[in-house]
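Subject: Structure handover

Hello,

Here is the structure you asked about. My notes on it follow below.

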Amino acid sequence: MTVICPKCATENTRDSRFCKTCATPLPGTPPTSATLTQTIERPLQELSPGALFAGRFQIIEDLGEGGMGRVFKALDTRTGEKIAVKVLRSGLEADGRTLERFSHELTAARRISHRNVCRMFDLGEDRGRLYITMEFVPGEDLKSILRMMGAMSPAQAVGLAVQICDGLEEAHRLGVIHRDLKPANILVDKDGHARIMDFGIARSARSRGITDAGTMVGTPDYMSPEQTEGRDVDARSDLYAMGVMLFEMATGRLPFEGDTALAVALKHKTERPPDPRSVSPALPNDLCKIILKCLEKDPARRYQTASDLRDDLEAASAALPGGSRVLPRRKPSTSREITVKLPLKRLVWPGVALAVMIAGAIILLPVLKKGGAAKAAPKVPGSVAVVAFENQTGDPKYDTMRKVIPSLLITNLENTGLFKVSTWERMRDVLGQMGRKDLEVVDGDAGFAFCRREGVAFIVVGSFSKLGETFVTEFKLLDPDSRKIVATAAARGTGEDSILNAHIDELSRRLAAGMGV
């Protein structure tokens, strides 16, 4: 069931309070005043792992608190995907302006689709508590990384800054200013890719501002002089924050420090920043010039666009050890035909090498076939993988449960701390290396191949069925090599929700018992 927006006719999910396209209040939602009263009456309670929020999102862990609310890692039980859920914290004043800012966050930020920006999905409400759903990306925020390692090498700092500039360039192109850019809002994933998070106080530069005149919004350590005065800001304020972050990445400390937030804000407004080389004398001169240009008090003297800043960073990286790590700018796609001319001599030797490789493959293929499949890896004690469950209800609308049930079981087993559980991300990565790419779900055959390759001790396969309103969930715990059954269990209950509640807990206990716990 969907709700049609009366303003732009966009289809929205039934639990949405605002239109996902234009943020217009949807029909059938309570008046703002009533909702705000509910927010005060029902303050946000601690959501522990396993709790079901908004009837849809099962909490996996608490990720921390941001400027607008608390963020949780959760499983979307409708799609089977892991996401982040940000719940508006009760400490914020519950008035119309806060509500407007919160809804505007989604309207502005969801238009940004870029590899260096964390995607935002939807705005909803649960018993008076507003929340936003967004992309979940495993990784560490840049502030945590800096606390652990201190100053980065110039090449590392420039490499991350280039990626952040890429994300800012796209946001600024769409007229969206972050206004609270800082290391805590930069996520670095396991591959070293930077993502800008939490456009919590972003606004559209092309629309009427919603921040009261004279209100200072942002984090003082990274705040531009114009922000400290409560004046209107533009893209150049984000570039000032980039300068502060670059200073911190390159030197391990902030350009301005003080005993209070007000003292720091005042220094940003009145004091000249120190030369980064006064802290780290070995820093390249070109990088220091870039940092100081970002930190100019007068916005007209700073970089005017993220693209300009990126260009100078790329130029400076050429002389840095390890500078090749800076990602090249992605060229726009084109339909024009591109002709590449190479001298004939350059094609001869690669052609000979290719012919030799083909001949070698023809000779070795029969030998490799005779050798049979690779030997199984040594078993890893306490390791387990859970694959997609079979939908035996006969109704395709329950197909999402094929991924939801394994994901819930994986979460429960992970939370015990007693097992080495293979995540689906890891399974897909390994299966991709084995030539099984683009798997929508990891089924039994793929799961057995993964376990044999990785030495996983146990594999869980299962199914769920429906008779009237009774749902039955079953699983088998198997040895991946022999495929012998180690343990079996079944749970039944009334209604689809029984799978997400009693079924999962009961099956998790029996799984643990089957593995000796």
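Is Ile 83 buried or exposed? The model is a predicted one, and in it Ile 83 has 7% relative accessibility; the cut-off for buried is under 20%, so Ile 83 counts as buried.

Ile 83 sits in strand β6, which covers residues 81-88. Leaving aside residues up to four places away in sequence, Ile 83 touches Phe 57, Phe 72, Lys 73, Ala 74, Asp 76, Phe 121, Thr 133, Met 134 and Phe 136.

Strand β6 belongs to an open sheet of 6 strands, ordered β3-β4-β5-β6-β8-β7, with antiparallel pairing. At the edges are β3 (52-53) and β7 (120-126), each of which pairs on one side only. Strands of a sheet pair through backbone hydrogen bonds, in either a parallel or an antiparallel sense. For β7 the partner is β8 (residues 129-135), and the two are joined antiparallel over 6 bridges. Among the residues involved, Glu 125 has Leu 130 in β8 as its bridge partner.

Helix α4

Helix α4 takes in residues 154-173, 20 residues in total. From first C-alpha to last, α4 reaches 28 Å, close to the 28 Å expected at 1.5 Å a residue. Of its 20 residues, 16 are buried, so α4 is largely enclosed by the rest of the structure. After α4 comes Gly 175, which has a positive phi, near 80 degrees.

Glu 226

Glu 226 is an acidic residue to look up in the model; it lies in helix α5 (residues 225-228). With a relative accessibility of 3%, Glu 226 counts as buried, because the limit is under 20%. Which side chain does the side chain of Glu 226 make a polar contact with? The partner is the side chain of Ser 237, at 2.7 Å. Apart from residues up to four places away in sequence, Glu 226 touches Arg 231, Asp 232, Val 233, Ser 237, Lys 297, Pro 299 and Arg 302.

Regards

Note on methods: Residues are numbered from 1 along each chain as its sequence is written. This is a predicted model: local features need pLDDT of at least 70, side-chain atom pairs count only at pLDDT 80 or more; totals for chains, interfaces and linings use all residues. Side-chain values use heavy atoms; hydrogens and water are left out. Helices (H or I, at least four residues) and strands (E, at least two) are DSSP runs, numbered from the N terminus. The expected span of a helix is 1.5 Å times one less than its number of residues. Buried means under 20% relative accessible area, exposed over 50%, partly exposed in between (1.4 Å probe, protein chains only). Contact means heavy atoms within 4.5 Å. A polar contact is a pair of N or O atoms within 3.5 Å; within protein, one must be able to donate a hydrogen and the other to accept it, and residues adjacent in sequence count only if both atoms are side-chain atoms. Two strands pair if DSSP finds at least two bridges between them.
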